[in-house]
Amino acid sequence: MTSNPLSAWIEGIGFLAPGLDDWAATQAVLRGEAAYAAAPSVLPAPSILPPAERRRASRVVKLTLAIGLEAAQQAGVDVATLATVFSASGADGHNCHALCEQLAGDDRQISPTRFHNSVHNAAAGYWGIATRAMAPCQVLCAYDASFGAGLLDALAQVVVDQQPTLLIAYDSEYPEPLHSKRDTPDCAGVGLLLSPQKTPRSLARITVAGSPDVAIKMPDPDLEKLRTAIPALRSLPLLEMLARGEFGVVCLDYLPPMQLAVDLQPC
Amino acid sequence: MTPLLLSSYTATTCLGRGLAATLDGLREGRSGLKPCAFETVTLATWIGEVVAVDAEKLPKNLARFDCRNNRLVQLGLETDGFADSVRQAVARYGKSRVGVFLGTSTAGILQTELAYRRCDPQSGALPDDFIYRTTHNSFSLADFTREYFGLEGPAMAVSTACSSSAKVFAAAARQLACGTIDAAVVGGVDTLCLTTLYGFASLQLTSSEPCRPYDAARNGISVGEGAAFALLERLPPKVPDGAVLLLGSGESSDAYHMSSPHPEGLGARLAMEAALRAAGLQAGQIDYINLHGTATPANDAAEGKAVAGLFGDRVPCSSTKGATGHTLGAAGAVETVICALALTHDLLPGSPGTQTLDPSIPLNYQLVSRSGKLRHALSNSFGFGGSNCSLVLGRAQ
């Protein structure tokens, strides 16, 4: 059997979640230096877009630009060169609701913009337009297992294609009535810049394998609530280790009974 | 990349159920398109509808997955003995060593569109029998397939609009290369729904006639539906003569526009070049190109420029969307299977519907199916958001 471990160097991290505005703020909470305070997610206006586009940008576009650019900036890499893997449990929920509502009525002449924004890869498409990145761009969905699916493919791209790859795992909310059927509470996501080579900016080496173990929970009840409520935040136990500069193996939720054993080692 | 074996494959579209019907349809130059009479849709357009999808009954224990899209998943899996091949692979490798990689653009969103008509008039709530996770969600078809075979390995859905089920081959190949799995169920399934029919109409991208790829008077797509699957494995020590191999894949982004291709086909060219590089082949070694060829003025012009720039006017090429319709997220897998049929039956497929070739696109475009020896074929799939993927397939000899 071929054995080519799914392994890479973590070069940068981006993060945004309810009450956690960026990676610096999140790090402080995960280190126990600041208390977690629940609040709606704050989505920054994407400075990379021209002013008119900036105002029109949807919540998922703002979210993915924020976490992707934060991770790339920390890694000191040019986003225009980066291969990307987007992974999300759903597309733009508000846009989806508006389309379904109109298609259920008598006037079905939907807006062309609404239609092209309805694709699961809409945020990835806007990322390409904003960053001018012509590299491969993957867009995945695995419902609650979307973070794990994204991590598997991003690492495989690093290993097989030997190129830095930016993983952007994110989720957003549906309005009612879909919200009652899929209750993701808010926008949140994580960006991880993964590289085949160690650099002076490398934070840790990550190696991932399938595991039958039970996924680890967050000790803090508020953070555990976030971990289970938002699929991209199944990554929190890994991020806690990165924030604290700790190393070792942590088991993350994927597709039970297959979970992911994530081994974090120092540079 | 290391070549991989397509040990089993199947396709179902409006052209017919399974390989034999698809092959006959291609040889005869038949089209499966007909005027749109889907659901309550009132659009002057033609569609590629698969027969008897809704007659398909899901197993009782998987009833929560019931929707048109998963019915077509099951119908597709139970064609050409594909499901049996998967079960044999599971027996060979183990249930955690077979991965599932499926592409879709809209999965079972039709279920949500229909449920919105039944919202409670007082509360606005969706009906109790509507289940989002196992019907609407983009992962539902991969989840269903994983449970259908009792698999416990990795699974993911790729949803990059109309390149989705080409990109699944690349994603599965990566996991096979890394040793995460020993076999992969790859494919794509998309079904007719109001979102895509009214959506493409809103962009004025649907034709009021059967679509005419690469025709001087082409004026839009015919939306279709389809299910196509392949079982990907590493090569056995002795590769059987005539076996179909995945030799390379190439992915790129236009970084240009959400719903229009790069006018010079720059992203398309990058994807084709990357696929040739991965296969270790020169442009001159490709014997047939299955074009994305949606029959919109912009797509065919851009793709035509990219193909002519890289291959000149030598390589026989065609779009088969006049036969199957544009099966959207299933198109990559459907057309990969068409390339497999071309390779194994010495067939250069024609282009039903196309009458007068666009003189501004200098390609060796095949209007009519004919026989010809093929060793290597390339398939193009491009989608909204500027997502491009090309695959190179070959016949072992």
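Colleague: In β6(B), which residue is the bridge partner of A:Cys141?

Modeller: This is a predicted model, so read everything here as computed. The bridge partner of A:Cys141 is B:Ala157. Next, look at the strands around that pair. β3(A) and strand β6 of chain B, residues 155-158, run antiparallel and are joined by two bridges.

Colleague: How many residues of each chain are in contact?

Modeller: Contact is judged by C-beta atoms within 7 Å. Here, 56 residues of chain A touch 56 residues of chain B. On the chain A side, the elements giving two or more residues include α4 (93-103), β3 (137-141) and α7 (146-161). The largest share, seven residues, comes from α7(A). By class, that side has 33 nonpolar, 16 polar and seven charged residues.

Colleague: Is strand β10 of chain B mostly covered or exposed?

Modeller: Burial is a neighbour count: 20 or more other C-beta atoms within 10 Å. β10(B), residues 244-253, is mostly covered, with ten of its ten residues buried. Now check its pairing. Nine antiparallel bridges link β10(B) to β17(B), residues 387-395. There, B:Leu245 stands opposite B:Gly394. β10(B) also runs antiparallel to β1(B), residues 4-13, over two bridges. In that pair, B:Leu4 faces B:Leu246.

Colleague: What is the strand order in the open sheet of three strands in chain B?

Modeller: The order is β3-β4-β8, with mixed pairing. To find the edges, look for strands that pair on one side only. Those are β3 (34-35) and β8 (223-224) of chain B. β4(B), residues 46-48, pairs with β8(B) in the parallel sense over two bridges. One residue pair to find is B:Ile47 with its bridge partner B:Val223.

Technical notes. Residues numbered from 1 in each chain as written. Chains lettered and ligands numbered in written order. Predicted model: local features only at pLDDT ≥ 70, side-chain atom pairs only at ≥ 80, totals over all residues. Buried ≥ 20, exposed ≤ 12 C-beta atoms within 10 Å, placed from the backbone. Helix = DSSP H or I, 4+ residues; strand = E, 2+ residues; numbered from the N terminus. Pairing = 2+ DSSP bridges. Contact = placed C-beta atoms within 7 Å. Nonpolar A, V, L, I, M, F, W, Y, C, P; charged D, E, K, R; others polar.
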